[in-house]
Amino acid sequence: MALLKVTDLQVYYGVIQAIKGISFEVNAGEVIALIGANGAGKTTILHAITGLVPVKSGSIEFEVPKTGMNDKDIVTETVNLRKTPAHKIVSLGMAHVPEGRRIFSQLTVLENLKMGAYTRNDKEEMEQTLKKVYKRFPRLEERKNQVAGTLSGGEQQMLAMGRALMSHPRIILMDEPSMGLSPILVEEIFDIIKEISKSGTTVLLVEQNAKKALSIANRAYVLETGNIVLEGDAKELMNDESVKKAYLGE
Ligand code: ATP
């Protein structure tokens, strides 16, 4: 079974149907990209998964390790996220890096990072994770006492990603990480996403920058007005004439 399996998802805003019955899955270890134009419904899908918007119908199944089992036997169970409150979802191993970063701008970098670990009780483990986050983002360590609102856009994106990693997620959902960043920073952020993936965290990436997203993804889904119109291997989609024309500016 996939790590995350979304089946026939429908989401409405009032009478407007934003998501029209889509299905997709994310396997452990994959980088999956959801691409599509502004307003296609990408953000809404992430919000539906993490319980931030109500779902009209469909299922969102997430595979989690079964608790209380012998470490040697890897036993998992499937949790229906539709029945799980948003604050519980983080503790199941899913972190969300929201569009626009949503860092706590009045708090310091370190305080923001600690907020990301609010589901964890073991202080020592938390310190270990913090060390790893600083290793991945040396800039955050340099600026740990700086008020987050004074960071540059790229640094704020790093902070939002670092904060998500503090919960030690098995899957990380990223919404438009490249938004508003210079080309050099976009490169840097995508390199970091690749590293996060290499270190074993599964990634579900929503991006308008289809070219960059497809360059690091294993598979991708193309969304148009609430429907998946195309799906497949990322490299194949990159060479698909309709994708090239509509999304890659070729
Ligand atoms: P963007 O990259 O601009 O966020 P998107 O692909 O993520 O685009 P969504 O933000 O998910 O698209 O929006 C999907 C549709 O739902 C759009 O038509 C949008 O106008 C509508 N929509 C989004 N949020 C709301 C809301 N809170 N109330 C009403 N309609 C909404």
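The paragraphs below go from the paired strands to a surface patch, then to the helices and the nonpolar cores.

This is a predicted model, in which local features need pLDDT of at least 70 and side-chain atom pairs count only at pLDDT 80 or more, while totals for chains, interfaces and linings use all residues. Residues are numbered from 1 along each chain as its sequence is written, and side-chain values use heavy atoms, with hydrogens and water left out.

Helices (H or I, at least four residues) and strands (E, at least two) are DSSP runs, numbered from the N terminus, and two strands are taken to pair if DSSP finds at least two bridges between them. Strand 1 and strand 2 run antiparallel and are joined by 8 bridges, with Val6 standing opposite Phe24 in strand 2. These two strands form a hairpin with 2 residues between them, and Gly14 in the turn has a positive phi of about 65°. Strand 1 is also joined to strand 4 (residues 57-65), again in the antiparallel sense, by 5 bridges, and the partner of Lys5 in strand 4 is Glu61. Strand 4 in turn pairs with strand 5 (residues 76-80) over 5 antiparallel bridges, where Phe62 stands opposite Val79. In a regular strand the side chains alternate between the two faces of the sheet.

Val15 lies in the loop between strand 1 (4-13) and strand 2 (16-26). With a relative accessible area of 77%, Val15 is exposed, the term being used for values over 50%, whereas buried means under 20% and partly exposed in between (1.4 Å probe, protein chains only). Tyr13, Val15 and Ile16 form a nonpolar surface patch, with about 350 Å² of accessible area together. Patches are made of residues with over 30% relative accessible area and no salt bridge, like charges being joined within 9 Å and nonpolar side chains (Val, Leu, Ile, Met, Phe, Trp, Tyr) within 5 Å; a salt bridge is a side-chain nitrogen of Lys or Arg within 4 Å of a carboxyl oxygen of Asp or Glu. Accessible areas come from the Shrake-Rupley method with a 1.4 Å probe, and for residues only the protein chains shown count as cover.

Helix 1 (residues 42-49) is largely enclosed by the rest of the structure, because 6 of its 8 residues are buried, namely Lys42, Thr44, Ile45, Leu46, Ala48 and Ile49. Helix 1 is followed by Gly51, whose phi is positive, near 80°.

A nonpolar core is a set of buried Ala, Val, Leu, Ile, Met, Phe, Trp, Tyr and Cys residues joined through side-chain atoms within 4.5 Å. The largest core has 49 residues, of which Leu113, Leu140, Met161, Ile172, Met174 and Ile193 touch the most other members. Helix 7 (residues 183-198) gives the largest share of this core, 7 residues. A second, separate core of 32 residues includes Leu3, Ile22, Ala40 and Tyr221.

Contact means heavy atoms within 4.5 Å. Thr129, in helix 4 (residues 123-136), counts as buried at 8% relative accessibility, and beyond its neighbours within four places in sequence Thr129 is in contact with Arg120, Leu165 and Met166. Glu155, in helix 6 (residues 153-165), is also buried, at 7% relative accessibility, and touches Arg139, Leu140 and Arg143, not counting residues up to four places away in sequence.
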